[in-house]
Amino acid sequence: MTGSASRMHTQSRRGFSMRAIVTNATACLTLAAALSAQQPTVQRYTYRIELPDSGRHISVDAQAALSAPLIANTVAFDLDGAMHVRAVTLGCGEQSENARFERTATQVRVAIPPAPSREAAREAAREAPRADAMRCVRLAYDGEPADGLFISTDSAGRWTAFGDNFPNRARYWLAGLDDPSHKAQVTFVVTAPAGRTVVANGALLGTTTDAAGRVTTTWREDRPIPTYGMVIAAAPLVRHDLGPTACGLAEVAACVPQMVWTAPEQARFMPGHFARAGDIVEFFARTVGPFPYEKLGHLQSTTRWGGMENPSAIFYFDRAFRTPNGAGEGLIAHETAHQWFGDAVTEREWAHAWLSEGFATFFAALWTQHAHGDSAYRAELAQMRAQVIAAPVVAQRAVIDSVETDPNALLNANTYQKGGFVLSMLREQLGDSAFFGGVRAYYAAYRHANAMTQDLQLALERSSGQPLGWFFDQWLRRPGWAEVRTSWMWDAASGRLTLTAEQGTRFGAYRLPVTVEVTDSTGVRQRVTVLLEARERQSVILPGLFRAAPTSVTCDPARTLLAVFRAM
């Protein structure tokens, strides 16, 4: 995800004072507070959605296919109180039964029948596979979403709807387990007004038109994705095909089909910067691993973000398309990188969101290096570094921020720029072979699953043969950056140059492999590398001999470290 000028704006959640209501077809029941809090796993959501011709009222039939064996006796679906729940049933096919459920302002808690005894299970298995048939929970509900699904009219007065769930706003219109640790497959069956193109995650299975001219479109995503990326678009969109890309580098098929959907007025400007979309996917696939999804669509949309990395269906903010070339190349690269990091490999907890945003920021810079050269890459890193040091939040909070409870507040310079720059430092520390080997191993191990920072650390330790706990602790689990005061002394008789460093008054002492550039009186420049330990004061002798008098000694001349060096 990338932010627009209003990225940090968040809509206030609508409050509800309604009492918890318990409903079923025959009686009002209150579920016991002792029901298990352990959530089962959802394998696939199927959302059948009726969109209106006008207005904001939607109707949804949501089915969640639960994994077996079911060890919980309740499942709590996140669903905002603005959605009126009409019925809840258990059953995957024609066989179904009414379910006991409790409706609160934020959830629908559904009672799951207890598992049968071994004897009863054997008897049931002889008669019918009822246990498997009851593994689905279906919720029928309707209402006007308070958030999550943006329903409005565009500048031409045409009705549109765009999903915009990040970080935990799917619950405003999609019943589900709205947390990044609960990934699932998803199918959308969307009935929309005539003249609207419906796009969603995954592959298009087909469209049908009823007698009234309303069109039902089905999209199916067969890879597990986080709920924040489960979206639909319904608008008068025009499709521009980019053709098959990254052939031989796709997980699902031979190639990655890519396309751009825009409003009719912007269609003539395509492909614009999206002409590079195929090269971007190919570069990332060669660097990390095969592209993970059935397609990659790029959509002009309504979203509070500059770009939103929904798996296989990236949504970009509307203004990005109101220029002749559309969204910028850097924005496209950032959101495309998320298909691997954030979508396929998803942080298990929000505190580790840098595994998504930091990776996308760094990989966008890698694309810049690949496409435009080392100077452009260094310029991007320099800008990243300057943003880190200028951001108050970096001085106050760690990148892995387990104290902050609002995931929106984690979208800051720590998660994006510092996380991205930390990866560039890891690359410098380990070298390309070990660094990218570790990244590929990390991706392969956690593809279509969840990961934490320690999982990345272990993969990089294995690839490099180096212990990296010190690196991850000082750069990701502490606020700030290194602040170092230096002086130097040259011994003319021996040709030895000694560097003295002091650090640690504000953010503590850091372990730093520092490149030192020495310029002597003859104009000759030499670069050597020394290791500063995490101590308040130390003196190190620079390797090599310096026969001519040094005139300047510069630490970290290429600015590859998150460190500020000043003379004593």
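Ala, Val, Leu, Ile, Met, Phe, Trp, Tyr, Cys and Pro count as nonpolar, Asp, Glu, Lys and Arg as charged, and the others, Gly among them, as polar. The model is predicted, with local features needing pLDDT of at least 70 and side-chain atom pairs counting only at pLDDT 80 or more, while totals for chains, interfaces and linings use all residues. Residues are numbered from 1 along each chain as its sequence is written, and side-chain values use heavy atoms, without hydrogens and water.

View 1. A cavity is a set of points, on a 1 Å grid over the protein atoms alone, where a 1.4 Å probe fits but cannot get out; lining residues have an atom within 4 Å of a point. Grid points are joined across faces, edges and corners, and the volume is the space filled by probe spheres set on the points. The lining consists of Y377, R378, L381, F421, S424, E428 and T560, by class 3 nonpolar, 2 polar and 2 charged residues. Helices α6 (374-390) and α8 (414-430) each contribute at least two lining residues; helices are DSSP runs of H or I with at least four residues, strands runs of E with at least two, numbered from the N terminus.

**View 2. Lining of the largest cavity.** This cavity holds about 40 Å³ of space. Around it stand V393, R397, A398, V399, D401, L410, N412, N414 and T415, of which 4 are nonpolar, 3 polar and 2 charged.

**View 3. Strand β18 and its neighbours.** Strand β18 (residues 256-262) is largely enclosed by the rest of the structure, because 6 of its 7 residues are buried (under 20% relative accessible area; exposed is over 50%, partly exposed in between, with a 1.4 Å probe and protein chains only). Strand β17 (residues 238-245) runs antiparallel to β18 and is joined to it by 7 bridges; pairing requires at least two DSSP bridges between two strands. R239 has W261 of β18 as its bridge partner. On β19 (residues 296-301), which pairs with β18 in the parallel sense over 4 bridges, L299 stands opposite W261.

**View 4. Disulfide of C92 and C136.** The sulfur atoms of C92 and C136 lie 2.0 Å apart, a disulfide being a pair of cysteine sulfur atoms within 2.5 Å. The link is right-handed, with 95° about the S-S bond. C92 is partly exposed at 31% relative accessible area, whereas C136 is buried at 4%.

Terms used
On a 1 Å grid over the protein atoms alone, a cavity is a set of points where a 1.4 Å probe fits but cannot get out, and a pocket is an open set with protein on both sides within 12 Å along at least five of seven lines; lining residues have an atom within 4 Å of a point.
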